[in-house]
Amino acid sequence: MGMSSGFPGLRIGRFLNHLPALSVSPPSHLLPRHFLQSTLLLLPRPRHDTISNVGRSRAIRFPSLSTSPSAQSRSSVRAVATASASSEMVKAIRVHEFGGPEVLKWEDAEIGEPKEGEIRVKNKAVGINFIDVIFRKGVFKAPTMPFTPGMEAVGEVVAVGPGLSGRKVGDIVAYAGGPIGSYAEEQILPASKVVPVPPSIDPVIAASVMLKGMTARTLLRRCFKVENGHTILVHAAAGGVGSLLCQWANALGATVIGTVSTKEKAAQAKDDGCHHVIIYTEEDFVSRVKEITSGNGVDVVYDSVGKDTFQIRGFMVSFGQSSGNPDPVPLSALAPKSLFLARPSVMHYTSSRDELLEAAGEVFASVASGVLKVRVNHRYPLSEAAKAHADLESRKTSGSVVLIP
């Protein structure tokens with residue numbers, strides 16, 4: 001469906017906050033095509049600049065980390081190290097060409113010892129995220145070719161590079177976002193990119209929630225501050241991020257409307273805090289949202305689907321494109337109704353060490369307190385990453401998907 005010049009029957013939304021400066025993950029000129037259907041507008045309401053504490057857990061505080069000056073200035077790292085005199089072999093998933101799940105190959109890979117400011121981690125659990133599929137297809141470009149995919153894992157520190165304090169062998173740590181390369185038995189990471197996992201949280205849970213949880217936090221707290229009394233629409237409500245969005249928004253006092261593809265996923269979304277669940281394969285979600293809200297629409301739409309559902313009428317936050325690259329949307333198309341559109345990347349909201357610790361601490365605290373219930377619905381051996389990707393793309397999965405080395 002293409003863009004139209006107006007949005008019949010809908011009024012401008014209740015926009016609480018100014019739109020923060022956002023960076024767009026490549027390709028930056030593309031936005032999903034169901035842009036006209038999804039974001040529905042509401043009545044004006046007074047803006048608030050503070051975040052409600054309802055549903056907000058006190059963040060876990062982590063110990064400080066320090067490195068020598070030369071280590072602090074290091075900007076790159078080997079996800080799977082190149083060969084060296086001290087290197088050894090580990091198993092990893094490698095991608096030699098872009099394509100479908102079949103390009104994920106289970107191979108030997110060489111890994112060396114950590115350098116200044118780095119640690120070597122033996123992974124216990126690896127989180128799968130749809131961005132891994134996007135890199136595998138070549139939509140987003142990996143820094144090297146061939147490459148090891150994956151942007152989230154939890155493991156045990158088995159070696160520490162020189163000049164580093166605050167990390168030691170035996171620590172259980174998590175990382176999410178970068179560098180790419182977590183689909184491996186072991187990997188080299190910058191110590192500044194990992195956070196300690198609280199003893200109360202199982203490594204599998206931590207690996208399945210860190211990136212998705214920090215994404216949900218960014219969407220609910222930084223892009224549009226959801227508060228008590230808001231009505232929100234969450235596409236793919238039974239997905240990994242969608243499940244957390246529904247739970248967290250419900251705890252904040254929002255009315256949550258979710259869209260899913262099957263009755264089984266509808267039951268999960270309902271259990272996760274959706275007050276109204278729409279099976280979009282059986283009914284038109286725009287008409288149903290109008291009915292639920294008595295024609296008013298919603299305060300904000302959170303969309304990770306992309307091409308199949310992205311059509312805008314209000315404040316829309318797009319954070320994924322699982323159905324494909326969206327069509328271009330001219331900036332002028334937002335003007336007729338003063339629409340807001342955000343395409344954030346969680347990496348830009350956790351780029352500093354302090355931001356990373358704050359975000360991860362709040363996510364882990366929300367899990368520990370019961371605000372977030374993590375659904376690890378699917379576990380695969382790391383060697384079967386291709387099957388996991390195939391199931392994810394065919395929408396056979398719900399909740400979080402984890403690879404076990």
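This is a predicted model: local features need pLDDT of at least 70, side-chain atom pairs count only at pLDDT 80 or more; totals for chains, interfaces and linings use all residues.
1. Cys246 is a case to check by eye: the nearest cysteine sulfur belongs to Cys274 and lies 3.4 Å away. A disulfide needs the two sulfur atoms within 2.5 Å, and Cys246 is in no disulfide.

2. Burial of the cysteines. Cys246 has 0% relative accessibility, so this residue counts as buried. Cys223 also falls in the buried class, because its relative accessibility is 1%. The cut-off for buried is under 20%.

3. Aromatic rings. The count of aromatic pairs is one. The partners are Phe135 and Phe140, with ring centres 5.8 Å apart. Their planes meet at 85°, and therefore the pair is classed as edge-to-face; that class requires an angle over 60 degrees.

4. Are Phe135 and Phe140 buried or exposed? Phe135 has 11% relative accessibility and so counts as buried. Phe140 is buried as well, because its value is 7%.

5. Strand 7 and its cover. Strand 7 spans residues 172-176. Four of its five residues are buried, which leaves the strand mostly covered.

6. Neighbours of strand 7. Which strands pair with strand 7? One of them is strand 5 (residues 152-160), which runs antiparallel to strand 7 and is joined to it by five bridges. Within this pairing, Glu152 has Ala176 of strand 7 as its bridge partner. Strand 9 (residues 195-196) also pairs with strand 7 in the antiparallel sense, here over two bridges.

Definitions and conventions: Residues are numbered from 1 along each chain as its sequence is written. Side-chain values use heavy atoms; hydrogens and water are left out. Rings of Phe, Tyr and Trp (its six-membered ring) pair if their centres lie within 6.5 Å; planes under 30 degrees apart count as stacked, over 60 as edge-to-face and the rest as tilted. Buried means under 20% relative accessible area, exposed over 50%, partly exposed in between (1.4 Å probe, protein chains only). Two strands pair if DSSP finds at least two bridges between them.
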